[in-house]
Amino acid sequence: MSARTLMAAAVLAISAPTMAETPAVGPSIPTPVSAAIDPAAEVLTLETERHSRLTLPVLVEGTGPFAFMIDTGSQATAVTHEIRTTANLAPAGKAVLVGMASRREVELASVRRIEFGTNSYTNFSAPVLSRENVGADGIIGLDALQDFRVLIDFRKQTIAVEDASVKEKRGGFEIVVRARSRLGQLLITDATVEGVKVTVIIDTGAQASLGNMALRDKIRAKRAQDVITTDVNGVDIVGEMAIVRSLSIEGLALTDVPLTFADTPAFDALGLRDQPVLSIGMQHLALFDRVAIDFGRQRILFDVPADVARAMRQAKQSANYRPRF
């Protein structure tokens, strides 16, 4: 029997590029942010995995805990070969997995239940991947996150997981970016790179931020060096790294941003090959104190460091306010 294609459940994250140390993003001043997610939300301690990605403890069929990363660039929750063996997961056929660099047939395992904190996800088929390509024991993907709000606190190294159906308490984030959903993925459409309108994906499973060649051609980015990136199938893709002058999301801007450019099957699967698109990875998300992703209300929220917020207030009082950093 031929394998089915996991188009809606298999666009997975890229790993860190093998390149010289990435240049820092130039500091300036952003829009203010105040309150956090509901304090009643369950808070789990994160651990830093390789490539500066973050993991949390997960039980699989009551076995574990295992270190899973929350990956908002992955439509599929996945396990590694080691977990399949340890938890004695039954085979569930095969599927074609769409990674950042490749399409590959992979085995599926039948999973009755995974648990992270007091939350669970049940009765699904998970791609079985190699740990050295994933960088963790497994992936919690978009299929398991659709009912939650997720807040990553880079300062405290914690993650809050909250039922998205529970109404947020008054006085939430001040920076709220509306998104639209495609195949479970939240896409930000009110964004620009050097003035060119771009669709943005928030990818917590990737270290590097990756734009497609349509974006590179629009902004006429000049190549600084080649970058080799490895996807979850273990396949390399060669991209072009360049420094772009500005990246803006609803007025919230970064300056002198290092980006890698390449065309990938993952963007094709979302129907975004021919339009400018950018996947923002952890190298840029970690510039914020906190990033919240509300799948229920289709929005993404940003918090900024206290010293930057103070500088913003001072600039605002002096009438020289510009929402950039």
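The legends below describe an overview and several close-up views of a predicted model.

Residues are numbered from 1 along each chain as its sequence is written, and side-chain values rest on heavy atoms, with hydrogens and water left out. In this predicted model, local features need pLDDT of at least 70 and side-chain atom pairs count only at pLDDT 80 or more, whereas totals for chains, interfaces and linings use all residues.

**Figure 1. Overview of the protein, with seven helices and 25 strands.** Helices (H or I, at least four residues) and strands (E, at least two) are DSSP runs, numbered from the N terminus. The average pLDDT, the predictor's confidence in each residue on a scale from 0 to 100, is 77, and 75% of the residues score at least 70. Over residues 1–51 the pLDDT is below 50, although this stretch has 194 contacts in the model beyond near neighbours in sequence, a contact being heavy atoms within 4.5 Å. Where pLDDT is low, the predicted coordinates should not be read in detail. Of the 325 residues, 57% are buried, where buried means under 20% relative accessible area, exposed over 50%, and partly exposed in between (1.4 Å probe, protein chains only).

**Figure 2. The largest nonpolar core, with 64 residues.** Such a core is a set of buried Ala, Val, Leu, Ile, Met, Phe, Trp, Tyr and Cys residues joined through side-chain atoms within 4.5 Å. The members that touch the most others are V60, I140, I188, I202, F261 and F302. Strand β22 (residues 252–261) gives the most to this core, with five residues. Because domain 1 (55–144) and domain 2 (173–318) both give residues to the core, it lies between them; the domain bounds come from an automatic or database domain assignment. Apart from it lies another core, of 13 residues, among them V235, A266, L272 and V277. Leaving aside neighbours within four places in sequence, F261 is in contact with residues including L210, M213, L215, I219 and V244.

Figure 3. T77 counts as buried because its relative accessible area is 0%. Its side chain makes a polar contact of 2.6 Å with the side chain of D143, and a polar atom of the T77 side chain lies 3.0 Å from the backbone nitrogen of G141. A polar contact is a pair of N or O atoms within 3.5 Å; within protein, one must be able to donate a hydrogen and the other to accept it, and residues adjacent in sequence count only if both atoms are side-chain atoms. Beyond four places in sequence, the contacts of T77 also include I114, Y121, F124 and I140.

**Figure 4. The loop residue T264, between β22 and α5 (265–269).** With a relative accessibility of 2%, T264 is buried. Not counting residues up to four places away in sequence, T264 touches M100, L210 and I237.

**Figure 5. Backbone geometry at P65, R220 and D256.** Most residues other than glycine have a negative phi, and most peptide bonds are trans. The peptide bond from G64 to P65 is cis, with omega near 10°, and P65 belongs to strand β5. R220, in the loop between α4 (213–219) and β20 (225–230), has a positive phi near 55° and is exposed, with a relative accessible area of 72%. D256, in strand β22, has a positive phi of about 50° and is partly exposed at 42% relative accessibility.
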